[in-house]
Each structure stands twice: as structure tokens, then as C-alpha cells.
Amino acid sequence: MNTSRLVGLGVAIAVVLLGAGGASAQMEPAGEPDDPWYGTEYDTEATEAEPAAEPGAEPEPGSEPGSEPGSEPGSEPGSEPGSEPGSEPGSESEPESESESDAEERYWRTLTFTPGAQVFAEYDLDIYDEAGSTEYFHEFDVPRVWLWTAFALGDVRARLLMEGARATGAGSLVGVGGDSVVVRFREAWLGYRAWDLFELRAGIVPTMTAPALGTAWGMRPIAQTGVRRFEVLQPADLGVNLTFDIPERFGRLGVGFYNGEGYRGRELNRGKNTELFGEIHPLAFVPELAPLAIIGAYQLGSSGTGLARSDRLTGALAWIHSQIGAGVAATYVLGFEERGSQEGALIEAWARGNPWEGLMLAARVNHFIRRLDQDSDTLTELTFSVGYRLFGVIGAHVAVDGRFGGDEALATMPGYERWRLRVIAEGSFEHAFTGVL
Amino acid sequence: MGRLLGLGVSVLILAGSGCASDVDPREALVVSALAEADLVYIRSRPELAEGKYVRMANERYAFYRAAVPVFRRDVDDPSRPVGRNAFASDALPLSLGDAHVENFGLLRSSDGSFALEPNDLDAADRLPYHWDLRRLTVGMVVAARLSNADDDAARAAAVARIPEIVSATARGYAEGIRAFADGAPRAPVDDAGDAALSSLVAEAFRRGRNDQPDGTTPGEELDEITEIVDGQRRLLRGSVDPDEPENVFLDLPAFALDALPEMLREYRSSLLNPPPAEEFVVLDAVRELATGIASWPRIRMLVLVRGPSDEDYDDVILEVKELADSGSPGFRPPYVYADTVQDRILWATRHAWARPDADPLWGTSTLLGMPVQLRREAEMHKTLRIARLVEDEGTPEDLEATGALLGRLLARVHADPEVDPGAARSIADAIGRDLEGFVAQERDVAIEYADGIESDWMHFRRGLRRLGPRLGVPVDVSDRDRASPDWQALYGSPVPPPMISELP
């Protein structure tokens with residue numbers, strides 16, 4: 001174990017503990033439509049002793065950086081900077097003639113630079129009832145515009161991810177340049193990866209739970225996960241998190257401390273969010289069953305300057321594989337939209353498959369019981385889609401969505417129920433460039 | 001491994017300690033909703049926001065007036081009675097957004113006729129009908145409880161009749177929406193027709209007519225807030241109302257004065273029948289601080305313009321008010337119903353009023369990039385005031401009549417067929433044949449919610465003490481929250497607010 005890594009880990013622990021020192025509260029700010037995912041996607045066809053990382057997947061120990069010319073459409077910005085920029089000093093792949101110190105110096109001078117872009121473009125047709133008549137509305141939209149660059153130098157990682165977003169919020173007219181699509185940072189973090197097991201990130205970092213559920217779903221161009229759709233969990237925030245990759249691909253554990261406002265808001269209080277996360281693949285030792293995953297997470301926090309309770313307990317059982325995926329997740333919501341005493345539950349289930357070449361089929365349902373003590377304060381959303389992905393770079397889908405509400409929910413949300421037909425185009429491009437400084 | 005274990009234990013201990021929150025959930029909601037709604041004001045002009053909160057803490061009625069964000073949260077919460085509606089309609093009519101009693105008043109149209117109309121459209125948008133109605137019915141409960149301030153017996157009589165007062169308001173609305181759905185004309189509420197006016201409203205008409213300029217003598221407002229200096233009329237400076245020491249007129253910074261002609265040019269183009277441009281030559285202008293309640297931190301100015309002639313008796317005062325979003329969450333595509341904030345206000349005036357030029361000088365513009373509303377500042381434009389609910393205007397019978405009148409007027413606003421041709425029918429059908437059931441529901445909801453305002457006020461006072469004058473929003477005025485010198489000059493330096501009073 002070299003000294004620099006020990007120092008790095010020490011700094012990591014100190015930062016985490018310092019971050020934890022203020023952990024007494026959090027914010028749960030209001031909404032934004034996108035979410036990333038960074039969870040591990042297990043591909044049984046690739047899993048042997050050294051499985052290849054799926055494009056867009058979480059960094060895998062030992063995986064090669066930028067090995068894919070284009071990441072899977074709809075997946076997270078690919079090759080995490082956490083991928084090894086070069087082989088380990090002293091590893092078997094090192095030239096025998098190279099001394100250990102030379103190898104380490106070379107390791108620390110090898111820079112991997114990975115730019116990428118991802119765009120979802122849609123045509124939406126909404127059909128709904130209004131005051132006794134059936135109405136429609138249609139529009140072109142770009143629910144996702146992402147540009148990113150990732151860097152890896154030795155054990156140091158960094159990523160900048162910019163996204164396009166409307167300048168106004170829902171129902172709002174005051175924006176920047178009217179209601180332009182403006183660019184903002186969704187991620188801007190610096191990280192350190194130690195022993196290929198631990199990774200510490202600081203800055204505007206992706207959280208763990210919401211992205212993991214997104215990875216399990218695996219069809220972001222078609223729909224958001226329930227936790228993102230209903231703003232139950234934030235996908236990114238300002239803060240630090242530390243993850244531990246369980247050896248032999250058994251999963252990942254993590255802890256994070258954040259402002260709690262999400263990546264779109266400044267801190268409003270002294271409290272910080274705490275996120276405890278675990279994704280376990282209990283049968284990883286059987287390659288065919290490695291995609292089976294159990295996800296468990298707890299978010300401890302509060303929202304608003306008034307410190308309303310905002311805790312989340314999430315559990316999921318999923319099959320996470322590039323060819324086929326299915327799962328069910330439940331999130332117990334304690335406090336919602338600054339109503340600290342409100343208790344609800346969000347249940348989501350999904351299935352997707354790639355039965356023939358690029359053909360993609362997907363379906364999901366989100367059922368949000370906003371209040372457990374109310375019979376019909378519920379929101380339900382169904383999505384079905386069929387599509388085709390070409391060369392793993394671009395794709396097109398047709399999706400049908402239905403939204404239904406319980407009577408009590410509809411009394412406060414007229415216009416919620418509708419059918420929507422969408423035609424979706426998606427594209428994702430990424431390439432890694434490696435060089436020695 | 002030992003270090004890892006230690007780290008894990010430390011994290012768990014810290015995580016466990018982070019969840020403790022002994023804040024009352026309702027207090028958390030009240031302060032968070034208000035802080036969130038005012039975030040931009042708290043950060044950009046914290047002293048003005050502080051003044052608003054002190055006012056809300058010291059006056060129960062000011063709290064009610066400015067607690068619209070809390071009301072919006074509650075009416076959107078089906079676990080609360082105010083969030084439930086057994087007579088729900090999916091229509092989204094043109095709504096006032098904040099339909100309480102003091103947001104109605106007299107306007108004089110271009111032909112000189114007076115009408116009772118909504119006179120604050122800052123929050124107007126397309127919303128569920130019962131949001132507006134309940135803001136009005138709750139407001140009627142509050143009005144009855146605050147009526148007859150110096151007459152305990154009269155106030156007790158009004159309070160005893162609150163169920164009837166609210167019922168009359170809801171019935172006025174229900175009967176009105178039925179009538180408009182059946183094609184009744186959307187006539188103005190004036191004192192010329194057969195409509196039975198309450199004493200409060202009839203008196204407003206009488207006083208409005210008395211105070212209108214007659215073309216040869218100055219309007220009442222010119223006497224009150226202007227003076228003649230060296231033969232030239234100018235607006236007063238400093239404190240103008242001994243009862244409102246925070247309400248002061250300040251000089252406008254030069255750059256803002258320079259921007260007024262362009263603002264007025266755009267404003268003039270927003271009017272239906274714009275007077276000649278010469279009428280809007282600027283004679284003087286001031287920044288007005290600490291007026292309104294919910295809009296207390298917003299920029300307001302008074303601009304004195306030439307008027308129809310060079311004579312000083314027909315000068316006109318225009319009130320300029322900063323505009324913001326309505327706060328609507330947006331319900332149906334396209335989720336907004338105007339291109340700009342200015343358009344939303346103009347759209348609301350043209351459809352909410354019985355005639356689109358009910359106030360011919362009510363328009364919008366842009367000042368230094370900021371959306372603004374301009375309207376005539378005139379004593380003849382009498383607003384219905386809770387403070388006037390005394391003697392004949394504060395009797396239970398008159399409160400019932402006022403409620404019924406405002407309920408029907410609100411129904412007329414909701415029934416505009418140009419906004420939504422099916423809205424009135426949809427709402428009328430939702431109410432159906434069980435009008436009395438509807439009235440009973442609205443009565444119970446309004447009284448229950450009004451009862452909660454008292455405790456909400458206490459929550460707010462406690463929250464303000466706990467979190468400080470900015471409701472806990474961190475503000476770094478020395479660095480990143482510091483406004484430019486120009487904007488600081490425009491915001492102005494307010495009179496320090498009084499202390500938060502102790503309650504008996």
C-alpha cells in the first residue's frame with residue numbers, strides 16, 4: 001500500500017466526518033425532470049473473472065476506460081472517470097523491464113479524457129378532458145440535453161456534466177431570456193479512488209439511490225423513475241459521498257452527506273442530508289444470476305427553512321442486465337413537500353427487454369400513495385413503449401403513457417389525468433482519449 | 001479493517017443524530033412555504049422582506065393577507081378539509097388567485113361610470129374554482145371577526161352570524177355560476193342597476209363619486225400626496241402617513257428616472273385607448289416603500305405625469321408596481337396561459353372585469369428589465385376595507401349582503417366564456433342540484449380554516465423568532481447576495497421595522 005493512497009483515504013475519511021458533523025437536517029427542494037443513473041449493470045454474457053463494464057455503467061474494478069466508442073443510448077454518461085486510467089503499477093500487465101517506481105510515475109501521468117453527449121428529442125401528444133370536452137396539446141421537446149467531460153489521472157477522478165433546462169419552473173413566466181433552454185451544471189466533482197474499492201467524491205455529486213434505481217430501470221429515454229417523477233429523491237446534490245465496491249462484484253455500499261437542496265438550489269439551512277445506500281448482488285458468484293440485485297437505502301433529512309421532516313426508506317429487488325431488466329421498488333416517504341407529518345409510499349415496477357437485435361420493449365408503473373391515511377390520494381402512471389436501437393448509439397421509440405388519480409388527488413390536481421403519445425429519438429456519444437503527460 | 005469499522009460506526013451515529021427535529025410540523029410548513037415564496041426578495045432586498053415579516057407578526061390580519069403561499073399549500077392538500085371538495089370540477093377558470101375582501105374595489109371606466117371590480121390581479125391565473133372561492137369565504141370569516149373594532153357588542157353579533165355570512169357568500173357564488181352558465185349577462189356591479197348593494201359597497205360608490213376629479217379641481221390624491229413648489233406640482237418626500245411611519249417616499253435614483261419615458265411609452269401601448277403621449281410627460285417620481293402587505297418587498301413607485309393639460313389640477317399619478325409570477329403550478333398544457341407576466345395581467349383585466357376598460361389607465365410595461373404594472377393612483381378608486389366594517393357597514397346583515405355580492409362577482413369572473421367556454425357549465429354541474437349541500441360544505445371548510453389561521457399566526461411568530469427576521473434563509477449581503485449599487489439605490493433604505501410585539 002503506497003503512502004499517497006493512505007493519505008488520500010485519510011483525507012477522504014476526514015472530509016466525510018467533517019461533512020457528517022453538521023448532519024442534522026436537509027432540504028427537499030421542488031422539482032426537475034431529469035435523473036442520471038450510475039448503478040452497476042450486470043451482464044452475464046460478459047461476466048467471467050473480469051467482466052467488461054457496460055457502457056454507461058458504474059466504474060468497475062479493473063475495467064478499461066473508454067473501451068466503448070459509443071455508450072448505450074439512454075444510459076448514463078459512459079465510462080466513469082473512476083475507471084482505471086492505466087493498469088496498476090506493478091500489475092501483471094506491466095512490462096517486466098519497467099521498474100515499480102517508473103510504473104507508478106507513469107500511472108500518475110496517464111490522463112484519460114472522456115467527452116460525451118446525450119440528447120433525447122420528443123414529439124408529445126397529450127389528450128385530456130377539460131370542462132366536459134376532450135382537448136389535445138402537442139409539442140416538440142428535448143427532455144434531456146447533456147454534455148460532459150470526465151477526467152482520470154492516476155487515482156484522481158473528475159467530471160463536469162452540463163445539462164439544458166428550461167429557464168422557468170412549472171406555471172412560471174419569469175425566466176432567463178424568456179423561457180429559453182439554458183445550460184447549467186448537473187455534476188462538477190472531484191474524486192479519489194483508493195485500492196479500486198473506495199471512491200470519494202466532492203462537489204456537485206450524483207447521489208446514489210435515485211441513480212441506482214435509474215440504472216435498474218435502464219430506459220430513461222422512455223420515462224423517469226418514480227422517485228424522480230414525483231420528486232421524492234434528488235439525483236445530484238452539493239456534498240460528498242464515499243462508496244465501497246464490494247469485491248467480486250457483490251455490489252456497492254455508500255454514504256453521502258449533502259446540502260439537501262439538490263443540485264439546483266443553494267443551501268437554506270445548517271442541516272445536511274445523510275444518505276446510506278447499499279446495492280447487493282447476492283448471487284454474484286453464479287455468473288448467470290449476478291444481475292439479481294437488492295437495493296436498500298435510507299435518506300435522513302428535513303426540508304425548507306422550517307426543517308420539516310423529509311426521510312426516505314427505499315427497497316428494491318431487480319434484475320439488472322443489458323438484455324433484460326425487471327424490478328419492483330418501494331419508497332416509504334416520511335414528510336413530503338415540507339409537510340413533515342405526511343407519510344406516503346411510492347411503489348414502482350418495471351420490465352424491459354431486448355428480444356431481437358435492437359428491438360426494445362419496456363413498461364413501467366409508478367403508483368404514489370401521497371398519504372397513507374387517505375383512501376384516494378393516489379397518483380398512478382403507466383408507460384408502455386416499443387423501440388429500436390441502432391449500433392448502440394441512436395434509437396427511436398414510441399411510447400404511450402396513461403395518468404390516473406384518486407378522487408382526492410384529482411380534486412387538487414385538475415388536469416392530471418391524461419393519455420400521452422410520444423415519439424422519442426435518443427442519441428448518446430462518448431469516447432475516451434488516453435495519453436501520458 | 002478497524003478504521004473502516006470505526007468509520008462505519010461514526011457515520012451511523014452521526015446519521016442517527018441528524019434526524020432529530022423537534023420543530024412542530026405545521027410551524028415548519030408555515031415558515032418554509034413563506035420563505036420559499038419570498039426567496040428572491042429575501043436574498044435581493046432582505047431589509048424589505050424583514051419589514052414585511054414584522055408586519056405579519058404584529059398584525060393577525062396582515063398575516064392572513066400575506067399567507068397566500070400557505071393557503072396554496074393547504075388547498076392543495078387533500079388531507080385537510082380546505083383541500084377536499086365534494087363538488088369538484090376539472091375546469092380551470094380565470095381566477096383572481098387571492099380573492100379576499102380587500103382585493104375588490106371601485107374602478108372608474110373611460111365613460112366615467114363606476115363599477116365594483118377585482119382590483120388586485122397580481123396572482124390571477126387559471127386555477128381550480130374552489131381555490132378562489134375559499135380564499136373569499138375564509139376572508140369573510142376573518143372580516144367578520146375583525147369588524148367593529150371599537151364595538152365589542154357589534155363585533156360579537158357579527159361573529160355569531162359567521163355561518164350565515166359565509167353561507168351567503170357561497171350561495172351567491174353558486175347561484176351566480178348557475179345563472180352565468182345559463183347565459184345571464186356578465187353585467188358590471190354598479191349602483192345604477194337593480195342589484196342590491198350592501199351598505200359597505202353603496203358607501204364606497206358614494207365616496208368614490210365624491211372624490212373623483214371634476215375637471216376643474218384636483219383629485220383628492222393630488223391634495224394628499226403632492227404639493228406645489230415654485231408653481232410646479234411635485235410629489236411629497238418622506239413619511240406621508242403618520243399612522244404608517246414605514247410608508248415613505250424617496251427620491252428615485254437618476255438611472256431609474258431616465259428609464260421612465262421608455263417605460264411609459266411601452267405602457268401607453270398596452271392601453272386599449274391610449275391618451276396622447278403628451279399626457280405622460282413625467283413631472284416627478286418617487287420610490288414608495290412599505291406599502292401593500294404581500295407585495296411589501298416589491299418595488300413600487302409613484303410617477304406624476306402631466307395629464308390632459310398643462311394645468312396642475314389635472315395632473316395624474318400613476319402607481320408602478322413590480323410584477324412576479326402568479327404562483328400557479330400550471331395544471332394543463334401548455335401550463336402557462338400568457339407569453340409574459342405583463343400579458344397575464346392584461347389578459348386578467350380584460351376578462352375579469354365586466355368591461356375591459358373598467359380602469360382605462362391600467363396597463364403594464366417593463367422598467368429596467370423588470371415587468372411592472374401601472375395603474376392610476378386615485379382616491380376615487382375606493383377599495384373595500386375591513387376597517388370600514390363598522391356601524392351600518394359592519395352589521396351581520398350587511399356582511400351577508402357584501403359576501404353574497406362578492407360571491408356573485410367572483411362567479412362572473414370565473415364564467416368568462418372567452419377564457420373557457422365550458423367552465424361555468426362544468427362548475428354549475430359539479431355543484432348540481434345540491435346547492436344547500438355545497439353551501440354547507442363551503443361554510444364548514446371556511447370556518448375550520450379560519451380557526452386555523454390563529455394558530456398558524458402563532459406558528460409564524462414562533463418560527464420568526466426561532467429562525468430570525470429572514471425566516472432562516474442564509475443571506476450574504478457582503479458578498480454573493482450583494483445587489484449592485486444601482487439596484488440597492490432602487491430598493492431604497494427602509495425605515496427600520498418596529499419590534500415584534502408581545503401578545504397579551
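**Exercise 1.** How many residues of chain A are in contact with how many residues of chain B?

*Solution.* Start with the ground rules: this is a predicted model, where local features need pLDDT of at least 70, side-chain atom pairs count only at pLDDT 80 or more, and totals for chains, interfaces and linings use all residues. Residues are numbered from 1 along each chain as its sequence is written, chains are lettered from A in the order in which they are written, and side-chain values use heavy atoms, leaving out hydrogens and water.

Next, take contact as heavy atoms within 4.5 Å. On the chain A side 53 residues take part, and they meet 69 residues of chain B.

**Exercise 2.** Find the salt bridges across the interface of chain A and chain B.

*Solution.* Look for a side-chain nitrogen of Lys or Arg within 4 Å of a carboxyl oxygen of Asp or Glu. Across the interface, this rule finds six salt bridges. Now try a pair yourself: B:R73 and A:E338 form a salt bridge, with 2.7 Å between the closest N and O atoms.

**Exercise 3.** Describe the surroundings of B:H130.

Then list the neighbours. Leaving aside residues up to four places away in sequence, B:H130 touches B:V75, B:V82, B:N85 and, from chain A, A:A411.
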